[in-house]
Protein chains: 2
Amino acid sequence: MSTTGSRRRDITVADVAKAANVSKAQAARALGNYGAVSDDVRERVLAAAEELSYRPNELARSMNTGKSNTIGVVVGDIENPHFGLAMRGITDAAKRSGYNVILINTDEERAAEVEAVRVLLDKRVDGLIVAPASSVESQHLQHVQHSGRPLVLLDRAAHGLDAETFAVDMAAISFESTKYLIEAGHRRIAFVSTVRTDGPYVPGMLLDSSQISDRLDGIRRAFEEKGLTQPVDLVRLNAGDEESIRRVTRDLLQGPDAATAIIASDGLIALSVVEAIQESGLSIPGDVSLLMYDDFPWTRLTTPPLTVIAQPVYDMGKAAANALIRQIEGRKPAAGGPALTASLIRRGSVGSPKGAKVYSPAGG
Amino acid sequence: MSTTGSRRRDITVADVAKAANVSKAQAARALGNYGAVSDDVRERVLAAAEELSYRPNELARSMNTGKSNTIGVVVGDIENPHFGLAMRGITDAAKRSGYNVILINTDEERAAEVEAVRVLLDKRVDGLIVAPASSVESQHLQHVQHSGRPLVLLDRAAHGLDAETFAVDMAAISFESTKYLIEAGHRRIAFVSTVRTDGPYVPGMLLDSSQISDRLDGIRRAFEEKGLTQPVDLVRLNAGDEESIRRVTRDLLQGPDAATAIIASDGLIALSVVEAIQESGLSIPGDVSLLMYDDFPWTRLTTPPLTVIAQPVYDMGKAAANALIRQIEGRKPAAGGPALTASLIRRGSVGSPKGAKVYSPAGG
DNA sequence: GCTACGATTGAGACCGGACTCACAGTGGGT
DNA sequence: ACCCACTGTGAGTCCGGTCTCAATCGTAGC
């Protein structure tokens with residue numbers, strides 16, 4: 001069973017070399033499987049390594065190969081199933097290519113993201129996958145590119161940054177699903193998101209999240225196509241915590257101009273919106289229709305099952321990791337991987353507003 | 001503004017030293033903030049570092065300090081919200097203490113876990129947090145301890161391994177909640193889990209997951225305390241994918257001896273169980289009662305809301321990371337952190353079986 | 001029998017920091 | 001004026017691998 005017990009110092013090539021009675025260089029060659037080594041030496045070295053249970057120090061190896069076989073991933077919050085799934089896609093792809101993954105959460109705070117990127121760069125990761133908290137301020141990401149290390153964006157784009165981006169096409173699906181709501185008779189369509197802004201929503205305002213911008217854009221275009229105008233008073237951003245989402249929801253449902261449909265920007269929001277609706281004694285879709293982003297399994301279980309926008313999140317993560325690794329290894333970018341398109345899954349949470357007429361081209 | 005454009009080679013202390021006109025040693029001291037350095041030198045060095053936008057190579061630093069400030073986390077599947085939440089606890093705690101986290105999924109396969117541990121050890125992580133796929137075979141974990149690196153277990157225990165373990169006390173809550181079901185009149189209580197076994201369940205059989213063992217143990221003791229015997233024919237393991245869970249569920253609900261209550265071992269299982277119940281045209285809790293592990297937010301949204309066993313998963317992750325870091329830094333283990341106890345949250349999915357009498361001590 | 005070329009081999013440089021050690025300069029104590 | 005403690009400083013080693021380079025060896029070719 002060889003030596004037992006905890007040892008303080010790790011076994012190194014030098015130790016193995018000594019045990020096998022060869023030079024350090026030869027031992028390294030035999031262990032690293034490079035250069036010319038005679039069968040005799042190779043056997044002795046491998047035997048000695050086995051005996052001493054030698055394990056290479058990847059840190060040292062990385063030091064002079066300049067490759068750490070590690071990629072850094074920066075996301076808002078791994079607890080969010082959306083990122084959990086993307087992360088799974090990333091780690092699966094990374095593992096297949098022999099890479100490890102260091103994960104850092106930012107809570108969608110730019111300062112944390114800047115710091116995260118700095119730390120990962122200092123750790124000499126081979127590349128970075130970032131879901132940028134802000135699509136607007138991206139000096140720190142430009143800095144990554146300056147440093148010469150590959151960078152790939154996940155889930156959101158960043159303006160003025162020439163980086164491969166893997167995000168689901170939001171404008172198209174938002175356009176399509178808003179049309180769906182309008183055709184069901186809805187005019188008062190609300191949109192609730194956690195994205196932070198300085199003031200209330202104004203059309204065309206610059207948002208931190210390209211995703212949300214695209215979604216709002218899609219909504220607006222859908223209204224326009226129908227010859228209508230989007231009710232911008234129903235766009236509610238800054239819905240941070242559960243309580244504020246419930247408050248916003250109650251507010252949206254009040255008065256003569258109440259919303260008849262609500263689009264929840266993600267699963268967490270939908271959760272609180274549904275609860276607020278139930279507490280108000282209203283029913284879905286009888287009194288209000290609901291549409292949410294992300295097709296989580298549990299959306300099939302609610303009463304009614306929720307109509308959702310399914311996003312290929314796992315594939316997105318996987319594609320991002322593969323693209324990054326391709327860049328790292330200097331191979332040419334793959335000819336357009338899978339298009340990341342979302343799809344509307346019609347279940348039971350969208351109906352026609354009370355006393356609504358069917359779609360009328362000039363309606364209002 | 002300094003130099004622009006991508007550079008191939010990173011700036012090193014030597015470069016900074018040259019630019020500041022001091023020796024490498026002095027530059028290193030000024031940058032590393034150790035040893036004696038005159039104000040004059042410090043200023044020149046820091047200015048030069050700034051100018052060249054010098055960043056330390058953490059790899060090199062790790063090499064001769066022997067510390068990587070990185071911990072390795074090995075879990076079954078980060079896509080599972082249970083681990084997602086635990087992971088968040090871990091990363092939060094790690095970040096606070098200045099550690100980074102490398103994540104590896106195993107899909108609950110031992111071979112993958114062995115490999116994961118090996119890789120992390122090679123990467124010289126400062127410590128490991130592992131949710132062992134098997135509580136029985138743990139040579140690879142003993143090997144970690146042999147290597148002298150701290151190891152902490154998450155979510156499950158491992159027999160014959162002297163490692164700090166952070167897992168929720170399952171035996172107690174399982175006992176308590178089974179009593180709750182029995183007192184509601186249930187006798188035919190089923191338990192569905194994905195844990196893999198070679199054959200059908202036999203009381204006392206060795207399971208890979210200490211968690212599941214503990215839960216079954218709690219169930220058995222609850223029955224015994226009531227002077228009853230647990231219906232072991234209703235314990236269904238190996239419920240891997242959605243389809244097999246539905247099949248098992250349909251089977252459990254058939255015949256004169258059908259189950260009147262089902263305990264789902266996790267959220268994924270509950271999902272398919274509920275769907276199978278609904279498809280069978282049965283209602284919860286009218287026809288069958290349901291109890292599931294983990295209090296995910298969406299369990300409040302189903303009809304009826306689900307009665308669940310809430311586990312402090314975030315705290316578990318956080319405590320595990322903190323304990324690991326404490327070990328890494330050689331500090332004495334904290335005097336018993338938060339007790340990780342689960343609690344039964346009674347919502348609407350548990351009722352009395354049809355035509356059931358209330359609890360009768362000798363009943364059957 | 002002699003040369004040439006490929007296979008082997010060992011010494012040592014190197015990656016980029018941290019740290020040891022010897023030595024110079026300074027000021028206090030006496 | 002003399003010794004000593006202490007701050008500053010630079011040369012150089014070390015961590016644990018990879019890799020270059022020159023030397024050695026064996027033998028195939030002539």
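Two strands are said to pair if DSSP finds at least two bridges between them, and strands (E, at least two residues) and helices (H or I, at least four) are DSSP runs numbered from the N terminus. This is a predicted model, in which local features need pLDDT of at least 70 and side-chain atom pairs count only at pLDDT 80 or more, while totals for chains, interfaces and linings use all residues. Residues are numbered from 1 along each chain as its sequence is written, and chains are lettered from A and ligands numbered from 1 in the order in which they are written.

**View 1. Strand 2 of chain A beside strand 2 of chain B.** Strand 2 of chain A (residues 100–105) runs antiparallel to strand 2 of chain B, and three bridges join them. Within this pairing, Val101(A) has Leu103(B) as its bridge partner.

**View 2. The side of chain B that touches chain A.** Counting residues as in contact if their C-beta atoms, placed from the backbone, lie within 7 Å, 41 residues of chain B meet 42 residues of chain A. Elements of chain B that each supply at least two residues include helix 4 (58–65), helix 6 (110–122) and helix 11 (267–279), and helix 5 gives the most, with six residues. This side of chain B divides into 18 nonpolar, twelve polar and eleven charged residues, where Ala, Val, Leu, Ile, Met, Phe, Trp, Tyr, Cys and Pro count as nonpolar, Asp, Glu, Lys and Arg as charged, and the others, Gly among them, as polar.

**View 3. Domain 2 and domain 3 of chain A.**

Methods:
Domains from an automatic or database assignment. Contact = placed C-beta atoms within 7 Å.
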